[in-house]
Amino acid sequence: MTAKPLLDIRNMSAGYGGAAVIEDIDMAVASGEIRVIVGPNGAGKSTLLKSLLSMTTILQGQVMFGERDITGLPTARLVPMGIAAVPQSRNVFVSLSVAENLDVGTYAVPGVDAPRMLERVYQLFPDLKDKRRQPAGELSGGQRQMVAIGRALMANPSLLLLDEPTAGLSPAYLERIFDLILDIRQTGVTVVMVEQNARQALRIADVGTVLVSGRHLISDHGRALLANDEVRRSFLGGGEAS
């Protein structure tokens, strides 16, 4: 018997006002999966994530989280259910210390075991423990991204949504963030990630989904998409899969 997906997007169209940016999206994400969403600029990747958080107009369709219909529910109600998100930009409070930023992640989840979650975050991100008293605004871009992801994890989510987590990062930090996403999955958290660094992201993906012009083109194992000649030529800059 096939297990029900943790996240099930059914025939969803969404956009801004009455204009659709994504159309007829079907996507089922299994518990414990890393799902990477790739595609050209303007394909609707970030709009898809925002639609899960009710930051767009849902024109049709349904979003299921486990047994619950979460279509159109505000973000503040989703976090206590086990959904956390990290936006692409302005994702830390620059005047607060690292520790204070992490503490903010517990505010929307009454009853969360904050000391246990803090220890878990520091185990994943030892750099943050060393800099816990430092204002987040003084950190490098890669370190700020760690703070943002760590704060999301403080809510003890079962589903983590990441929008371009490596945008603007140095190659060294890019690889560190991808390694950390694998570590996060090992703690039992399902990850859905929009990513422009498609080739690198698909190497760690259990499943990759390609969006083009707001529509679902293809989904397959990450390595299979890397080996797909059409996908590689059209969306990954050509070259051989590695």
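Predicted model: local features only at pLDDT ≥ 70, side-chain atom pairs only at ≥ 80, totals over all residues.
Strands of a sheet pair through backbone hydrogen bonds, and they can do so in parallel or antiparallel fashion. Here, four strands form an open sheet in the order β2-β1-β4-β5, and the pairing is antiparallel. At the edges stand β2 (19–29) and β5 (68–69); each has a single partner strand, so one side of each is left without a neighbour in the sheet. The link between β4 (residues 57–65) and β5 consists of two bridges, and Met-64 sits opposite Asp-69 of β5.

In soluble globular proteins, nonpolar side chains tend to be buried together. The largest nonpolar core in this model contains 50 residues, and those with the most contacts inside it are Phe-125, Ile-149, Leu-153, Leu-160, Ile-181, Ile-184 and Met-193. Helix α7 gives the largest share of this core, seven residues. Apart from it lies another core, this one of 26 residues, including Ile-9, Ala-14, Met-27 and Phe-65.

Ile-184 belongs to helix α7 and counts as buried because its relative accessible area is 1%, with the cut-off set at under 20%. Leaving aside residues up to four places away in sequence, Ile-184 touches Leu-124, Phe-125, Ile-149, Leu-153, Leu-160, Val-189 and Val-191. Leu-160, counted the same way, has Ile-184 among its contacts, along with others including Ala-84, Val-86, Ile-149 and Val-192. As for Leu-49, its C-alpha lies 19 Å from that of Ile-184, and the two residues are 135 apart in sequence.

Helix α4 (residues 114–124) has buried residues too: Met-117, Arg-120, Val-121, Tyr-122 and Leu-124. An α-helix has 3.6 residues a turn, so residues three or four places apart point the same way. The cover over the buried residues of α4 includes α3 (98–104), α5 (126–130), α6 and α7 (171–186).

The largest pocket holds about 620 Å³. It is lined by 26 residues, and the closest to its centre are Thr-75, Ala-85, Val-86, Pro-87 and Arg-151. Two or more lining residues come from each of α1 (45–52), α2 (75–81), β6 (83–86), α6 (141–153) and β7 (159–163), with the largest share, four residues, supplied by β6. Sorted by class, the lining has 18 nonpolar, five polar and three charged residues.

Key. Residues numbered from 1 in each chain as written. Heavy atoms only, no water. 1 Å grid on protein atoms, 1.4 Å probe; cavity = no way out; pocket = protein on both sides within 12 Å on 5 of 7 lines; lining within 4 Å. Points joined across faces, edges and corners; volume = space filled by probe spheres on them. Nonpolar A, V, L, I, M, F, W, Y, C, P; charged D, E, K, R; others polar. Buried < 20%, exposed > 50% of the residue type's maximum accessible area, 1.4 Å probe, protein only. Contact = heavy atoms within 4.5 Å. Core = buried A, V, L, I, M, F, W, Y, C linked by side-chain atoms within 4.5 Å. Pairing = 2+ DSSP bridges.
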